Amino acid sequence: MFFKETRKATQEAQGREKRHKKQTGRFDFLCLLCAVLCLLWSVPFLFARFPAQNLPLEPVHESGASITGAFEGWFQNADGSFSLLLGYFNRNTKQEVDIPAGPDNRIEPGGPDQGQPTHFLTGRQWGMFTLKVPADFGKNKLTWTIVANGQTMVIPASLHPDYEISPLFEAATGNTPPVLRFNENGPSAQGPAGMTVDRVAKIGTPLSLSVWAQDDARLSTSSGAPPRSLGSPVTVRWTKFRGPGEVIFASTSPEVQKLAGGTPGVPFAGKATTTATFSAPGNYVLHVVLNDYSGEGGQGFQCCWTNGQVKVRVTP
């Protein structure tokens, strides 16, 4: 009788131990599950506090990398036609590339030459030129093909609704692009479609280049207060767009001399002058861009800047 009761007690104790282990295991599993869920729940907040870095898809190259066209978007013109706005991205950090309009630098249909750049600066170049298409362009598209360093890159440009932009008016602040003139009292242009003038120069003789700029000097910041190190309401940058030889600017970013205004919200007027010297005869196109307080590319909002081109015939 004694051994029977002892065996029963032992079995009951073993049963209690098994149930305890089972319950403990469930508890541990629930704790682990809770910890995992808490971690997953906190991930978005961690990324919000510590934004992820944009890692390059490939190592940075000084030369030998590709060049990709960039379709910035489209906008409607006053006559009912449309303009497609394009720039590009040269992935090389030191190699500027010349690619003549043709098989390796073509816009189709209608090309290969539709006024695109043939000299490609390094880095990202925002909205440097426009392609005008008719009012009935509809669902058609253009493609820009660039072959650089043996690598072919193709981008489409169309009137897809998702790519409509407003480069002449920034709705949040009422900002508009600078007004550009190549003569003090001459014709003017505003926006990325810009304007073009013709000049003549000789090899080795500096060509004077002056622009007159006006701007509304509108400024938008998160705090509503202007930055401490606020520069001129308008900046000017000159670059080579096309041409058979080297172009040397006395200054690619000449200082804009104030003629009126000069503080945020006060209409601004100014003038900037530089020179360009050419190494070889031929036909060149120089590009000038006027940026307002929005900065290059309008800080990615496609407003507000103005383009200009100077076609130069260089003689010996």
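**Overall picture and confidence**

The protein has 316 residues, of which 39% count as buried, and its secondary structure consists of one helix and 18 strands. Among contacts between residues at least 6 apart in sequence, 70% join residues that are at least 24 apart. The accessible surface amounts to about 18,400 Å², and carbon and sulfur atoms account for 56% of that area.

The mean pLDDT of the protein is 85, with 79% of the residues reaching 70 or more. In residues 19–27 the pLDDT is below 50, and this stretch makes zero contacts in the model beyond near neighbours in sequence. Residues 29–56 likewise have a pLDDT below 50, and that stretch has one contact beyond near neighbours in sequence. Where pLDDT is low, the predicted coordinates should not be read in detail.

**Asparagine 105 and strand β4**

Asparagine 105 lies in strand β4, which covers residues 105–108. The strand has a covered face, made up of Asn105 and Ile107, and an uncovered face, made up of Arg106 and Glu108. In a regular strand the side chains alternate between the two faces of the sheet. Strand β4 is joined by four bridges to strand β7, residues 141–148, and the two run antiparallel; within this pairing, arginine 106 has threonine 145 of β7 as its bridge partner.

Asparagine 105 has a relative accessible area of 0%, and is therefore classed as buried. The residues that asparagine 105 touches, leaving out those up to four places away in sequence, include Ile99, Pro100, Pro112, Gln116, Pro117, Thr118 and Phe120, together with Trp144, Thr145 and Ile146.

**Threonine 306 and strand β18**

Threonine 306 is placed in strand β18, residues 305–315. The relative accessible area of threonine 306 is 0%, so this residue counts as buried. Beyond its neighbours within four places in sequence, threonine 306 is in contact with Pro177, Pro178 and Leu180, with Ala189, Gln190 and Gly191, and with Val288, Val289 and Leu290. The side chain of threonine 306 reaches the backbone oxygen of proline 178 and also the backbone nitrogen of glycine 191.

| Side chain | Backbone atom reached | Distance |
|---|---|---|
| Threonine 306 | Oxygen of proline 178 | 2.5 Å |
| Threonine 306 | Nitrogen of glycine 191 | 2.9 Å |

**The disulfide**

How many disulfides does a search of the whole structure find? The search finds one, formed by cysteine 303 and cysteine 304, with their sulfur atoms 1.9 Å apart. The link between cysteine 303 and cysteine 304 is right-handed, with 75° about the S-S bond, and both cysteine 303 and cysteine 304 are buried.

Conventions: Residues numbered from 1 in each chain as written. Predicted model: local features only at pLDDT ≥ 70, side-chain atom pairs only at ≥ 80, totals over all residues. Heavy atoms only, no water. Buried < 20%, exposed > 50% of the residue type's maximum accessible area, 1.4 Å probe, protein only. Contact = heavy atoms within 4.5 Å. Disulfide = S-S within 2.5 Å. pLDDT = per-residue confidence, 0-100. Polar contact = N/O pair within 3.5 Å; in protein donor to acceptor, adjacent residues only side chain to side chain. Areas by Shrake-Rupley, 256 points an atom, 1.4 Å probe, with all protein chains shown as cover. Pairing = 2+ DSSP bridges.
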